[in-house]
Structures are given as C-alpha cells and as structure tokens.
Amino acid sequence: DAKRPCCSTCARSHAYAVSHAVEGAVFPPQPDCTYDEAVPVFDPDAGNSVSRKMYEKMESRIHELEAQLREKEKAIHTLSIQNSRVSPTVVGSDVTNSSPPIGQYAPVPKFATPDSDLLPQPVPQEGPLYGQYTGPTGSSGSSSRYASFSSAPLDEIRSWPPNLPSPDVTRHLVESFFSFHMHATRLFHVPTFMASLDLLPTDPRFPHVSVLHAMCAVGSLYTGALPDNQLFNDTEDTPYEMQSGRWKKTHHRPDIIGDSTSRETFSEQQARYAKKSSDYGLVRAEFQCLQAQIILTWWYLSQGRYAFLSAAHAMRCTGPCSISTCYTTAAITHYKPPSVLPPAKSVIEDEIRRNTFWIAYSMERQQGTGNGWALSLDDLDVCQLLPLRGDQFEQGILVLPEGRQWSYAPDLLFKHPVDQTDSFILYVKSAILLSRVKTFNLRFRWRLYNPGETLLSPQSASFEPGRFDDATSSPEFYQLDHIITSFRPSFPARLRSPVENDVLDPYLYTACIASHLAQILLHEPHAKPDATSCPSATKTLMASRTIVELMYTLGATNYDITLLDLQVFMCWFMAGRVLVRFLRAVIDSGDHEQIVTLQGEISFVRMMLSKAGERVHLAFRYSKMLHDTLVNMCGEQFAETIPSTLPPREHYAANTMHTTVQHVVSRISV
C-alpha cells in the first residue's frame, strides 16, 4: 500500500461512497488518503493533537469564506452608492413631510402621487426576502431599491422576518401609519415604538411581526410608493361586491381563498400575514398581537369587508388580558382580576393597555350599531378608568385614579373635567353613548319577560309590564333622550367645534357626529315622517340635518375626508337614509319646494360618500346603498347624477336649522 497513490482501505471507501452517492453529490476523482499522513502536531490552545493536513484544510476554508464575505459586502456597498441618488425618505416626502407632527392635528393634503421615474415598480417579492411577486395586471415587477437591503446592517439582513418588506420599506410604511392613521398615536407610544424598531429583529424588544404586518397593510393605503387597491365598478358585479371573487378573476386576480397561488395586492398580502401571526401570538398571550388584531379590524372594515367577528374577537381578548377592568373591581374570590399579561413596567405601558381596550371597545360598539345582535362584552362588565389626555400620555405623566373618571360614573356623559378631557376622551364617551342606545333598543322588549332587570343603570326606574304601550313612554327612553340631547352641549368650550382655525380634529368630529347618530338610532324606529306632529320624526330630521351641517363644515376645510374615522361614513349614510324617508313623504304630499330642498341635501350626502369612496371601500359601499335606497323608495327619477359642485348652503345655516326642520314637518300632510 505504501507504493500506491492511496491505500486499499481508502480506495474501497471512496468507491463505495461514489456508487451510493445521492443525486448531485460531487466527489474528488481520487480518495483523500491518510495512510502516510505526517505526525500530528500538538495544539497548545486546544489542548490536543491536530494533524497538519487538517490545519491546512481549515485554513483554506477560512480564506474561502472570508473572500465570499468581502464580495458580498462589496456588492452591498455598490448598491448603496447606486441608490443614494433617491432615498426612501425622498420618495415618501409627498406624504410624510406634508403630514402634521405626531400627536397633533393639521390640515392634511390630498394623496399625491410622485413622479413615475422616482417611484419603484411594485415591490418584487423575490430573492432572500420574498418569493416571486406579480402585479395586478399579471406582469412581473422589476427590481427596485425598495426590495434591497442597501442601508441595512448585515446582522439585520440575516435575521429580518421573511414575509416583511425590506427594512427601508417597512420603516416608510410604519411612518405613514403613524402620520395618517387616526388611532396610531393612541394605540402605541410613538417614540418608544420607533426606538424598538431600530433594534435587531432578534432582540426581544423588537416589535412583534404581526404588528409590523398590520402596519404595512394599513400604511400602504396612505402612500403612493406601493401599488394600492383600485375600485372597478364593473357592470357584471353587484354594487355590494367589493373586489369580489368574480372581480379578481376577470382582472387576473383570483381569490386567494380559492387559489393558494393567486396574486393579491401588497396590502392584502400583509393583512393575511398579520392575521396568521396574530392568531398564533394571541394563544401565547402576546399583547402586541391584540393590537395587531385591532388594526386588522380597521383594515377589514375599511376594505368593505365584514369586520364584526374580528371586532368581537379583539373585544373578547381584552378579558383574559384584564384590561377591561381595574384591580378595585376584582371578584370576591380573587384579590385582583387574573391576567395572562405580566404587570406593566411603566406608566406608558399601563396607559397603552388602557388605550388599547378603549379603542377595541369603540370599534366594537360602532360595529354593533349597524346590526341587531348582542354586543360582545356587557357594559356592566366594564370597569375601567378613562384614558389620559394626549399630552400626558406622550410624556408618561402619572395621574392617580382620584383625579380621573370611571366608566361607571353616573355623570360620565355630561360632566367633563377640563383637566382630564380631550377629543379622544370625548370620542370614547360617544362610543359609550352609542352602547347605551344599542342596549336599550335591544333589550326593551326582553324586559317584558324579565321585569326585574334595568336597562341603563341601577338608578333607573323600575319597569312595570303593561304600563307602557311603546318604548317612547318609558322613563328609560326619556332619560336616554335627555342624555343624548345634553351630551354635545356639555362639552368644554374649547371642544365645542371640531374645526378651529381651519384645522379639523378627527376625534372631536367623530364624537360630535356620533351624538346625532345616537339620536337617530333612538328615535328612527318610532318616527313617522308622514304624520303632522311626531316628536321622533322632528328629532330624527333635525339630527340628520345637523350631520349635514357638520359635513359642510368639513367641506370648508382642506382636510382629506378619507382620513376620517370609519364610523363617520355610517353617520353620513344614516342621515341620508332619514332624508330619503322624508323625501318620500313630501313626494306623497306634493310639496315641491321641500322636494327640491331634500333632493339637494341627499345629493350632497351622496357626493361626499362618493368622494370618500374613491379610496375607502366602506364609503363606496355606503354610497351604493344610499343610491339603492333612494331608487327603491322614491324612484329612478330622483337619483340624478351626483353634481360636481356643492349645492347652496343657505338651507343649512345653523341659526335657521330648527326653523327649517319644523317647516318641513309641518308641511307634510297625513
């Protein structure tokens, strides 16, 4: 064996390995024989003997890996130089730089679209970050700087979550989310979250991937740097199908539920990833997954999809997290409510949890006003402090419970301490008001079979079966009507108007308009527009025209209506539906003057919904529903084309509002 190139043992081993090798395996032509290997060398650092040949193989491998690493770093540096001419912040400057500072309200410009040569093509999901991405038309997108990691450290590249866009794109979308989404600065503490986003993905303080997916899904709706959803009103689709399965098939976008290889928009894809990761994280008691679920609920609703179950899911998850109650309301068998979450480490973390509950509560209550089903969590099971003011929350100021309001306070809806009231707190109170109206409408007849229960509070009058012929005769109805009537006038003087100096506060606008929605929800079931004198008809018409007046107030500003809370579009629709009922009544009575007035009001509501529906699918659907209601009740001749200019305002002046309402009701004959 000493005279041969290799020994017989190594030759047999090499021949066996070659004959039994898997497909694609590569072996040297000659075996690597160790028969005449040199004497091992003692390694003092390792404390053992290592052969010289093994040393040479290890050094060669180290040199090879170092060369590959240098080539990779050189390629990344080259990409960084090539893309330095257009930075991500420049691409998003049309959106982010024109937005108001975080936590402040300012006029927001329209959604501008930058020059096409500055914008990348649809983000290609290929390479180490994504799979193949194909645009809505079916053509593959070309590579862009948004798909690269030119500005990301190597450690961040290796550990970046696989289904997220690149770090530059993710940060751009997160900034768009915080700049334009209504609940962003209350659902998260912006400085803390942005600081955690700078950490490595392997750091436990890095944001949960479900939150980032949800932010990317919503943030992409506010920027022109990524392909967004488009509305196609095809004749073959019904008005109530928004990007339905048929639409996706006709536009080469098969529904993802039916085809796992289907193409979808960037926003849809990120929402799907967020849903999958949040469902997994909620089982593991990840609080940020609850926040992601709330963002997803908003996304589902904004896209015209059914969000009732998603809102109910988020609301029910607040119970195990013990953020719907405080320690002072513990059950008699426990010192404090059991929670799957560890205690909060700071005032900011504690207030984030409280804000998260109230946003989930508000969204679920707003969803509940549009159906006849029971709510997911009874108001009697909610015992929580109201949120802090925005400036106190951002600074992390501790305010003791003695100086704050509780959700069960009897005077909650008409007493607003100046030092503990801002627009967000009034927004939460408007949701509580809607919840009380919903509870009354849902449970009134049920009380005929259970007369010992109360509807509004323990202070309500006892109910006697058979005493009241209808709900409008009950003490609870009068009490609730009084609360609704006095809710908005009880606002502090500085918060009476949602527009100050041409700057609109979206939270305050929603709180103001929701109070009139509560009036409609309470009185519309009992309103008779064709009656000579009907108190409920008068109040519903007055509430509807007050909503129209608030719409004109909004139209006088440069605020982008697509950034409003989604509940606002429901309020507009409900006001338009009431006006359609009165239009039907004046048509029957033959009052041509009031026909023209009501037609102008309805046309304005339709125009505002259509304008919002250009980017918000929910508003588009409400616009279609109002059109169908008008056609079914009044006829096609009254559903004229929406005017391109605003109708005159003289009929909607605030000082003549009550006179106009009384005039309409009195002119309608039985």
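User: Is Lys 415 buried, exposed or partly exposed, and what is its relative accessible area?
Analyst: Keep in mind that this is a predicted model. In it, Lys 415 is partly exposed, with a relative accessible area of 47%.

User: Which residue does Lys 415 form a salt bridge with?
Analyst: Its partner is Asp 411, and the closest N and O atoms of the pair are 3.8 Å apart. Asp 411 is partly exposed too, with a relative accessible area of 24%.

User: How many salt bridges does a search of the whole structure find?
Analyst: The search finds 19 salt bridges. One of them joins Asp 379 to Arg 365, with the closest N and O atoms 2.8 Å apart. Asp 379 lies in the loop between helix H14 and helix H15, while Arg 365 is in helix H14, so the pair ties together parts that are 14 residues apart in sequence.

User: And is Arg 365 buried or exposed?
Analyst: Arg 365 counts as buried, because its relative accessibility is 2% and the cut-off for buried is under 20%. Asp 379, by contrast, is partly exposed at 24%.

User: Switching to helices, how do H9 and H11 pack?
Analyst: Helix H9 (residues 209-219) and helix H11 (residues 266-283) pack at an angle of about 155 degrees, and their axes are 8 Å apart. That angle makes H9 roughly antiparallel to H11, and the crossing of the two is left-handed.

User: What kinds of residues make up the contact of H9 with H11?
Analyst: The contact residues divide into 8 nonpolar, 6 polar and no charged. Among them are His 213 and Ala 217 of H9, and Phe 266 and Tyr 273 of H11.

How values were computed
Residues are numbered from 1 along each chain as its sequence is written. This is a predicted model: local features need pLDDT of at least 70, side-chain atom pairs count only at pLDDT 80 or more; totals for chains, interfaces and linings use all residues. Side-chain values use heavy atoms; hydrogens and water are left out. Axes are lines fitted to C-alpha atoms, for helices over the stretch in contact, and angles run from 0 to 180 degrees between N-to-C directions. Helices (H or I, at least four residues) and strands (E, at least two) are DSSP runs, numbered from the N terminus. Angles under 35 degrees count as roughly parallel, over 145 as roughly antiparallel, 65 to 115 as roughly perpendicular and the rest as oblique. A crossing is left-handed if the near helix is turned anticlockwise from the far one by less than a right angle, and right-handed if clockwise. Contact means heavy atoms within 4.5 Å. Ala, Val, Leu, Ile, Met, Phe, Trp, Tyr, Cys and Pro count as nonpolar, Asp, Glu, Lys and Arg as charged, and the others, Gly among them, as polar. A salt bridge is a side-chain nitrogen of Lys or Arg within 4 Å of a carboxyl oxygen of Asp or Glu. Buried means under 20% relative accessible area, exposed over 50%, partly exposed in between (1.4 Å probe, protein chains only).
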